[in-house]
Amino acid sequence: QVQLVESGGGSVQAGGSLRLSCAASGYIFSSYCMRWFRQVPGQEREGVATIYSGGRTTYADSVKGRFTTYNENAFTPTLHMNSLKPEDTAMYYCAADVCGIGSPRYWGQGTQVTVSS
């Protein structure tokens, strides 16, 4: 069993910052990737950032240079979001599964991020 709980969402003005946290617990393998996704109603789910098992991180082009993800502790990633734009508004999810799987098996409930202009 894997449990993921996101927190830190909220409403900010464009240019502001938020930090999302993903509290992960349960049966998580060290080989798992920890991922951040976001979804806007009517749009495809978008991969935002990934922490690979070796520590490497990748980011979607839309957030590159503005977002940073890292593990404060093992399997407890944070997502620092800077210079937020209205188009960053979405429900943000933390997810975990073996690296290379497009649709992870384990998801948090999501935390809403709203960026106003």
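**Figure 1. Surface and charge of the protein chain.** About 6,000 Å² of accessible surface belongs to the protein chain, and carbon and sulfur atoms account for 48% of that surface. The model shown is predicted. Its side chains include 9 positive and 8 negative ones, with the centres of the two sets 4 Å apart. Of the 117 residues in the protein chain, 38% are buried.

**Figure 2. Overall fold of the protein chain.** The protein chain contains 11 strands and 0 helices. Its radius of gyration is 13 Å, close to the 13 Å given by the globule rule for 117 residues, so the chain is as compact as a globular protein of that length. Along the principal axes, the C-alpha atoms fill a box of roughly 40 × 25 × 20 Å. Of the contacts between residues at least 6 apart in sequence, 54% join residues at least 24 apart.

**Figure 3. The hairpin of β4 and β5.** Strand β4 covers residues 32-39 and strand β5 covers residues 46-51; the two run antiparallel and are joined by 5 bridges. F37 stands opposite G47 of β5. Between the two strands of this hairpin are 6 residues, and G42 in the turn has a positive phi of about 85 degrees.

**Figure 4. The hairpin of β5 and β6.** Strand β5 also pairs with strand β6 (residues 57-59), in an antiparallel arrangement with 3 bridges. Here T50 stands opposite T58 of β6. The hairpin has 5 residues between its strands, and the turn includes G55, whose phi is positive at about 100 degrees. In a regular strand, side chains alternate between the two faces of the sheet.

Terms used
Residues are numbered from 1 along each chain as its sequence is written. This is a predicted model: local features need pLDDT of at least 70, side-chain atom pairs count only at pLDDT 80 or more; totals for chains, interfaces and linings use all residues. Side-chain values use heavy atoms; hydrogens and water are left out. Two strands pair if DSSP finds at least two bridges between them. Helices (H or I, at least four residues) and strands (E, at least two) are DSSP runs, numbered from the N terminus. The radius of gyration is taken over C-alpha atoms; the globule rule is 2.2 Å times the number of residues to the power 0.38. Buried means under 20% relative accessible area, exposed over 50%, partly exposed in between (1.4 Å probe, protein chains only). Contact means heavy atoms within 4.5 Å. Accessible areas come from the Shrake-Rupley method with a 1.4 Å probe; for residues, only the protein chains shown count as cover. Lys and Arg count as positive and Asp and Glu as negative; His and the chain ends are not counted. The place of a charge is taken as NZ of Lys, CZ of Arg, CG of Asp or CD of Glu.
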